Amino acid sequence: MKTVVVYGQNHKGSTYHIAHELAEKLGGEIKEFFLPRDFGEFCCGCTKCFTDSETKCPHYEKLTPVTNALDGADVIILASPVYVYHASGAMKAFLDHYGYRWMVHRPEERMFEKQGVCVSTAAGAGMKSTNKDMADSLFFWGVPKIYNIGVAVRATNWNGVDEKTRQSVERKIDTVASVIRRRYQKGNIRPGIKTIGFFNIMRMLQKNGWNEKDVEYWREKGWQDKKRPWKK
């Protein structure tokens with residue numbers, strides 16, 4: 001199993017410890033990226049990725065190592081501490097660069113066979129909205145199985161987290177890791193009704209879409225016929 005973890009911060013606090021431990025319990029190969037250390041560019045809104053090609057993005061080369069890791073992984077973990085009830089600016093800036101990969105445009109077919117996890121922590125609240133920030137991208141990329149781990153650590157660093165909370169975190173990590181491993185081993189990673197339904201709506205829109213690049217992409221993939229990204 002190959003796991004890639006993208007952290008929405010550079011420091012190794014509570015969010016890091018939870019996401020990293022989950023990755024270790026999954027086993028196999030692990031690749032980690034820290035934002036903004038490994039990618040810190042803001043989308044400049046040139047729309048080249050939509051109308052021309054993602055290779056025309058001024059940050060394409062910087063983003064390529066992360067993109068290759070995402071495409072090659074079996075499990076994608078997106079982890080961010082809560083910043084004013086949402087994901088960190090670094091995480092948001094990172095995800096903005098993959099707008100062209102949303103199902104409404106040109107989804108990468110390998111995403112439809114992966115599992116994703118969103119991890120967030122806060123001293124108090126905001127984990128639900130923070131995880132949603134990241135889960136939205138995973139869903140619209142086509143990732144069929146998405147899990148959430150949100151923890152109110154009641155501390156500003158991992159050393160300050162009390163034993164009771166740590167034990168609760170361990171149980172959550174064990175549960176998610178067990179489900180992910182079981183589905184991976186059984187090959188039981190297929191889109192649900194929501195993903196398939198949304199994909200089919202996008203398929204109809206792309207029959208006569210407004211963006212020539214998107215329409216051409218869907219036709220080349222054979223998705224306007226009987227082919228589907230989750231059927232090999």
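## A strand covered on both sides

Both faces of strand 3 are covered: Val 75, Ile 77, Ala 79 and Pro 81 are buried on one side, and Ile 76, Leu 78 and Ser 80 are buried on the other. Here, buried means under 20% relative accessible area, exposed means over 50%, and partly exposed lies in between (1.4 Å probe, protein chains only). Strands (E, at least two residues) and helices (H or I, at least four) are DSSP runs, numbered from the N terminus.

Before we go on, a word about the model: it is predicted, so local features need pLDDT of at least 70 and side-chain atom pairs count only at pLDDT 80 or more, while totals for chains, interfaces and linings use all residues. Residues are numbered from 1 along each chain as its sequence is written, and side-chain values use heavy atoms, with hydrogens and water left out.

Back to strand 3. In a regular strand the side chains alternate between the two faces of the sheet. Seven of the seven residues of strand 3 (residues 75–81) are buried, so this strand is largely enclosed by the rest of the structure.

Now look at the neighbours. Two strands pair if DSSP finds at least two bridges between them. Strand 1 (residues 2–7) runs parallel to strand 3 and is joined to it by five bridges; Val 6 has Leu 78 as its bridge partner in strand 3. Strand 4 (residues 115–122) also runs parallel to strand 3, with seven bridges between them, and Cys 118 in strand 4 is the bridge partner of Leu 78. From strand 3 the chain crosses through helix 4 (residues 89–96) to strand 4 in a right-handed β-α-β crossover. Right-handed means that, with the strands pointing away from the viewer, the path from the first strand over the helix to the second runs clockwise.

Most residues other than glycine have a negative phi, and most peptide bonds are trans. The peptide bond from Leu 35 to Pro 36 is cis, with omega near 5°, and Pro 36 sits in the loop between strand 2 (29–34) and helix 2 (48–51). Two residues other than glycine with a positive phi are set out here:
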